[in-house]
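Please look over the sequence and the model below before reading on. The text then goes through some of the contacts and backbone features.

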Amino acid sequence: MKLISDTFTIKKIPKVVWSSEDSFNLKPKPLTFIFLVFGLFLFGLGESLLITSGAGVGPYTVFAQGISNLTNWSLGLSTFVISIFVLMLWIPLKQKPGMGTILNAFIIALTIEFSVYFLPYPELYPLKVLQVVIGVLTIGIGSGFYLICNLGAGPRDGLMIGLQKVTNMPIYSIRTTIEISVVVLGSICLLNNLDKLLGEVVGLGTVIFALGIGPSVALGITIVGKLSKEA
């Protein structure tokens, strides 16, 4: 019960003995770097599980699909523009990038690129949903490792951390609010294309991700923090 309580009340990323003192650190401890890469690998694996589940895409992909629908941009270009916009939001939030910000893009992309060929593509809907849940939990644990490294967050996680500092709200609630808002914005952009919105983009997996990723990330941070000696 205490683990659950801590998960829904944790507000800050804990500092442990292997956390970097500064996010802009180009020479981290070997263990810190290993945990960074491991965490980002788990993050990418979780994303791959969502992709191969076939139960609906993630909130930011819904948003990117919506932008594509309005502008006729490619999905890749829309995703890139959204990432740049999110990074710009870091400026007023005083978030600093680091090694992890750069490696976030490369390691996650490479993991997805290769792992989708080896993961299951379930046909039964209950198995699709189960795979989404496993994917969300995997992303949460991966987030716990890489965020506690304190070597810089990815665009979305940096936004989450920055907003948490400003609002002092629990991490899970900040992340959940962001994901739901992104789904709503993307869905609004797709209202003139309901067949695509309901048939290809938004599914039960999208809803599970939007509602579950906040608690999952908070759980990952809590577990990894408890398993490590605090600095």
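Helices α6 and α10 cross in a right-handed sense. In this predicted model, helix α6 covers residues 125–148 and helix α10 covers residues 204–227. Their axes lie 7 Å apart, at an angle of about 35 degrees. The contact of α6 with α10 is made up of 19 nonpolar and 8 polar residues, with no charged residues.

Next come the aromatic rings. The whole structure has 5 aromatic pairs. One of them is formed by Trp18 and Phe35, a tilted pair with 4.4 Å from centre to centre and 50 degrees between the planes. Trp18 sits in the loop between α1 (2–7) and α2 (30–53), while Phe35 is in helix α2, 17 residues apart. Trp18 and Phe35 are both buried.

Phe38 and Phe145 have ring centres 5.2 Å apart and planes at 80 degrees, so this pair counts as edge-to-face. Because Phe38 belongs to helix α2 and Phe145 to helix α6, the pair ties together parts 107 residues apart in sequence. Phe38 is partly exposed, at a relative accessible area of 36%, whereas Phe145 is buried, at 15%. Trp18, Phe35, Phe38 and Phe145 form one aromatic cluster.

Two loop residues remain. Asn72, in the loop between α3 (59–71) and α4 (75–93), is not a glycine, yet has a positive phi of about 70 degrees. Asn72 is exposed, with 72% relative accessible area. Lys94, in the loop between α4 and α5 (99–115), also has a positive phi, near 60 degrees. Lys94 counts as exposed because its relative accessibility is 72%, and the cut-off for exposed is over 50%.

How values were computed. Residues numbered from 1 in each chain as written. Predicted model: local features only at pLDDT ≥ 70, side-chain atom pairs only at ≥ 80, totals over all residues. Heavy atoms only, no water. Helix = DSSP H or I, 4+ residues; strand = E, 2+ residues; numbered from the N terminus. Buried < 20%, exposed > 50% of the residue type's maximum accessible area, 1.4 Å probe, protein only. Axes fitted to C-alpha atoms, helices over the stretch in contact; angles between N-to-C directions. Left-handed = near helix turned anticlockwise from the far one by under 90°. Nonpolar A, V, L, I, M, F, W, Y, C, P; charged D, E, K, R; others polar. Phe/Tyr/Trp six-rings, centres within 6.5 Å; stacked < 30°, edge-to-face > 60°.
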